[in-house]
Amino acid sequence: MSATDSLKQHPGLIPPPEEFIKNAAISGMDAYYALCAEAEQDYCAYWSRLARKHLAWQKPFSVTLDESNAPFYKWFEDGTLNVSFNCLDRNLENGNADRTAIRFESDDGEVTSISYRELHKKVCELANGLKSLGVGKGDRVVIYMPMAIEGVAAMQACARIGATHSVVFGGFSAKSLQERIIDAGAVALITADEQVRAGKTLPLKAIADDALANGGCESIRKVVVYRRTGGAVDMDVTRDIWLHDLMANQSSECEPEWVSAEHPLFILYTSGSTGTPKGVQHSSGGYLLWAALTMKWTFDLKPSDIFWCTADIGWITGHTYITYGPLAVGATQIMFEGVPTYPDAARFWKMIEKHRATIFYTAPTAIRTLIKAANAEPAMHPGQFDLTSLRLLGSVGEPINPEAWMWYYKNVGGARCPIVDTFWQTETGGHMISPLPGATPMVPGSCTLPLPGIMAAVVDETGAELPNGQGGLLVIKRPWPSMLRTVWGNPDRYRAGYFPEELGGTTYLAGDGAIRDKDTGYFTITGRVDDVLNVSGHRMGTMEIESALVAHALVAEAAVVGKRDATTGEAICVFVVLKRSRPAGDEAKQIAKELRDWVGKEIGPIAKPKEIRFGDNLPKTRSGKIMRRILRVLANNEEVTQDISTLENPAILEQLKQAL
């Protein structure tokens with residue numbers, strides 16, 4: 001019996017359609033296991049073969065993996081290439097020049113398409129414009145942009161000239177933007193007059209001006225402004241320049257800057273268990289290899305596909321599966337500006353029908369929101385629209401609950417489209433554990449098996465591998481090409497956070513818990529094991545939110561925990577002690593609103609707490625440590641059954657049970 005047939009015997013598994021298996025890039029579980037065996041037998045030869053096959057090198061590499069300074073691994077280091085060349089020039093050379101690269105739908109439904117030839121021209125003109133401002137190889141450029149073709153072009157232009165970009169999500173505050181500019185030491189900022197979201201405008205340029213005015217951003221020499229709405233903005237004539245003016249009269253050819261495969265392509269800031277965001281640094285060669293490979297393997301991309309990833313370029317999903325992966329494999333993709341519920345909750349279904357999307361990749365939070373909308377208003381149900389163009393569905397950002405998985409499978413995919421439930425992180429650069437749509441039998445709620453070459457395991461706190469059926473820490477036992485290279489400017493934080501000595505110093509700690517099924521060996525992610533929340537697929541550090549709260553004049557102490565939420569998966573719950581007496585009634589509601597708005601201003605709207613509870617103090621041990629495990633129980637409105645013998649003030653628990 002083949003491996004595919006063996007797995008089919010397990011109850012509850014949904015096999016891929018036979019037609020899909022027949023035409024897939026990785027066809028059947030036997031093909032999957034063959035690739036895994038190749039990686040096991042000669043790890044370096046496996047990755048070397050893939051890198052030579054899937055990337056265009058200006059100078060071929062001679063050393064695949066350098067482990068001499070582990071865990072600071074280097075891949076293909078003596079090889080040189082350019083990421084923008086791989087994404088654009090190769091498509092001009094292989095017959096894709098006039099193929100649509102991006103079909104962009106704005107918040108108001110207007111559609112703009114751009115071919116590979118036109119995108120190449122735009123990127124070269126912008127790259128030459130940046131060079132005219134003195135930006136070059138090794139410089140850092142912060143990009144604070146709305147969803148737009150210009151955002152992708154800005155990232156590609158930086159890659160073309162060897163500048164390292166750091167994209168900051170357009171929903172982040174001036175303070176968050178300022179912190180990232182300072183940490184990266186950026187020399188230029190690319191932003192827009194405004195961004196549009198659900199019919200409303202957000203003043204990006206004004207927020208950027210606030211960030212630069214707050215001090216510490218003296219490294220910024222130039223600010224480039226994309227005119228998105230035409231809204232009035234203040235322009236500093238000594239520093240600011242319009243994007244269209246910068247690109248005017250620039251040459252439409254720009255020779256790529258050939259860089260080492262280890263050259264930093266980008267820094268992307270993500271929340272950690274301490275208060276300060278950490279700059280995850282990714283390489284050029286290894287990162288791009290995995291972006292291209294996972295497009296071909298996980299999404300089984302064909303020349304006829306219309307690919308749609310609904311993420312924002314401010315997150316890693318938008319980097320890998322909008323800006324780099326699809327372009328590296330010559331795909332036609334859809335980009336959209338806005339939200340899934342505007343102008344109504346059928347936006348996604350209307351767009352799939354209009355653009356004839358074949359691959360649809362979105363987040364469980366969006367799916368759960370649209371389930372609610374469809375239940376409340378039948379006209380918003382996906383069954384009211386022609387979704388027959390779809391052949392593959394994907395899920396990203398957080399574990400998807402089985403009920404939402406089944407609804408997605410039946411109502412969006414018509415029970416004929418495989419679902420790739422992808423587990424990965426900002427730090428991993430691309431998919432790590434995911435079904436392969438032409439091979440892996442699916443089970444709702446499980447990301448199934450690691451991709452070939454990814455040596456994932458579940459271990460205890462000492463690093464000992466646990467038997468299937470027993471939950472523990474998710475780790476990756478061997479380095480892989482698309483892994484982060486360091487935390488920007490902080491190698492000690494990189495080593496301590498991702499390669500702790502307790503696990504041997506060379507094993508990657510994901511920060512997530514996991515369990516493997518006793519029979520199939522399939523992985524299920526059980527959630528974060530550190531002080532990081534996953535809210536709608538966005539990682540938020542509890543310390544970062546707590547630091548913002550205690551900076552408010554009214555707040556003496558604050559503790560942040562996650563609570564289960566039917567829509568966002570996890571929601572932010574805050575326990576607050578004020579510098580004055582505990583408020584009640586309308587006064588408590590008013591102060592809670594003030595604190596929510598404060599957090600939104602300090603970090604961004606995505607960090608606003610869903611629930612705030614006030615107490616005279618917080619539950620602490622006799623040594624003064626806040627008992628967060630107890631607060632998690634209270635936040636979820638459960639009975640406290642844990643041992644509280646070390647709790648100094650048990651009476652406070654009754655007070656904190658009261659939700660505002």
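**Strand pairs and sheets**

Student: Start with D512: what stands opposite it in β25?

Tutor: R528 in β25 stands opposite D512. Strands here are DSSP runs of E with at least two residues, helices are H or I runs of at least four, and both are numbered from the N terminus. This is a predicted model, where local features need pLDDT of at least 70, side-chain atom pairs count only at pLDDT 80 or more, and totals for chains, interfaces and linings use all residues. Residues are numbered from 1 along each chain as its sequence is written, and side-chain values use heavy atoms, with hydrogens and water left out.

Student: How many bridges join β24 to β25?

Tutor: There are 5, and the two strands run antiparallel. Two strands pair if DSSP finds at least two bridges between them. β24 and β25 form a hairpin with 6 residues between them, and G521 in the turn has a positive phi of about 75°.

Student: Which sense does β24 take with β22, parallel or antiparallel?

Tutor: Antiparallel, over 4 bridges, with β22 covering residues 472–476. V475 stands opposite L509 in β24.

Student: Why is β24 called largely enclosed?

Tutor: Because 7 of its 9 residues, in the stretch 508–516, are buried. Buried means under 20% relative accessible area, exposed over 50%, and partly exposed in between, using a 1.4 Å probe and protein chains only.

Student: Change of topic. What is the strand order in the open sheet of 3 strands?

Tutor: The order is β28-β29-β30, and the pairing is mixed. β28 (555–565) and β30 (611–614) are the edges; each has a single partner strand, so one side of each has no neighbour in the sheet. The twist averages 25° from one strand to the next; angles run from 0 to 180 degrees between N-to-C directions, and axes are lines fitted to C-alpha atoms, for helices over the stretch in contact.

Student: Which strands does α17 touch?

Tutor: Helix α17 (residues 542–550) packs on the sheet and touches β28 and β29, its direction making about 145° with that of β28. Contact means heavy atoms within 4.5 Å. Helix α18 (residues 585–602) also packs there, touching β28, β29 and β30, at about 125° to the direction of β30.

Student: Last one: where is S284, and is it buried or exposed?

Tutor: S284 is in the loop between β15 (278–282) and α11 (285–297). S284 is buried, with a relative accessible area of 2%. Leaving aside residues up to four places away in sequence, S284 has contacts that include V83, H263 and L265.
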